[in-house]
Amino acid sequence: YIIPPMRANIIAIAAAVIKAIGIPLKPAGTGALSILSRRVENKNITKKNPMVSAQTYINKGRALYQLGETDSVPLFTEQAKKLCQSLPFNSGMVDVELLHGHLLTEIGGDSLTVGLQELQNVAQQGTDFNRAKAYHQLAQTYLKNENGAMAEIMLDSMYSLLTRFEVPTYI
């Protein structure tokens, strides 16, 4: 059995994160799939990693958003925001503002301005990939609000970020 490259990368990243936070891993089997069947030996972690905990809240918020449970998303983004305040912006807060800004722009009304500010903050400070996501959401919001000129500017910015790389990047 050959592990596809993308899946192998995800597994390698997960193993590196678990190792970085100090949890010893023990192989549970042999063969090509043994990396998939590793288990955590020490379940009593004395110090929680705020980056991992924040990402868990962000992932729960994203899942709820995609399921249409938008009223629960702010609870998880607020929990993640508390954990990310002591971290560098691109170590968690970028994901919080991206998700929260996306939600607020979809809700519209009074929330629209705050959502636009959060997305613009990500577009200015985030990594190229997160900036592209923010530009995409900003473009969608401007199109929805019938501001085609700003939407085009946002799409141009997104396109220029995504075409910098030799390998195609999708958002």
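**Close-up 1. The largest pocket holds about 350 Å³ of space.** This is a predicted model, and the pocket in it has a lining of 13 residues. Nearest the pocket centre sit Arg 62, Leu 98, Leu 99, His 102 and Lys 133. Helices α2 (50-66), α4 (93-107) and α6 (128-144) are the elements that each give two or more residues to this lining. By type, the lining splits into five nonpolar, five polar and three charged residues.

**Close-up 2. Arg 62 and Asp 95 pair up in a salt bridge, 3.4 Å from N to O.** This one ties together distant parts of the chain, with Arg 62 in helix α2 and Asp 95 in helix α4, 33 residues apart. Arg 62 is partly exposed at 28% relative accessible area, while Asp 95 is buried at 13%.

**Close-up 3. Asp 128, Arg 131 and Arg 164 are joined in a salt-bridge network.** Arg 131 meets Asp 128 at 3.3 Å, N to O; the two are three residues apart in helix α6, so about one helical turn separates them. As for accessibility, Arg 131 is buried at 19%, Asp 128 is partly exposed at 22% and Arg 164 is exposed at 53%.

**Close-up 4. Glu 97 is buried but has no salt bridge.** This helix α4 residue has Lys 81 as its nearest side chain of opposite charge, 6.0 Å away, whereas a salt bridge needs nitrogen and oxygen within 4 Å. Beyond its neighbours within four places in sequence, Glu 97 touches Phe 89, His 102, Glu 118, Leu 119, Asn 121 and Val 122.

How values were computed:
Residues numbered from 1 in each chain as written. Predicted model: local features only at pLDDT ≥ 70, side-chain atom pairs only at ≥ 80, totals over all residues. Heavy atoms only, no water. 1 Å grid on protein atoms, 1.4 Å probe; cavity = no way out; pocket = protein on both sides within 12 Å on 5 of 7 lines; lining within 4 Å. Points joined across faces, edges and corners; volume = space filled by probe spheres on them. Helix = DSSP H or I, 4+ residues; strand = E, 2+ residues; numbered from the N terminus. Nonpolar A, V, L, I, M, F, W, Y, C, P; charged D, E, K, R; others polar. Buried < 20%, exposed > 50% of the residue type's maximum accessible area, 1.4 Å probe, protein only. Lys, Arg positive; Asp, Glu negative; His and termini not counted. Contact = heavy atoms within 4.5 Å.
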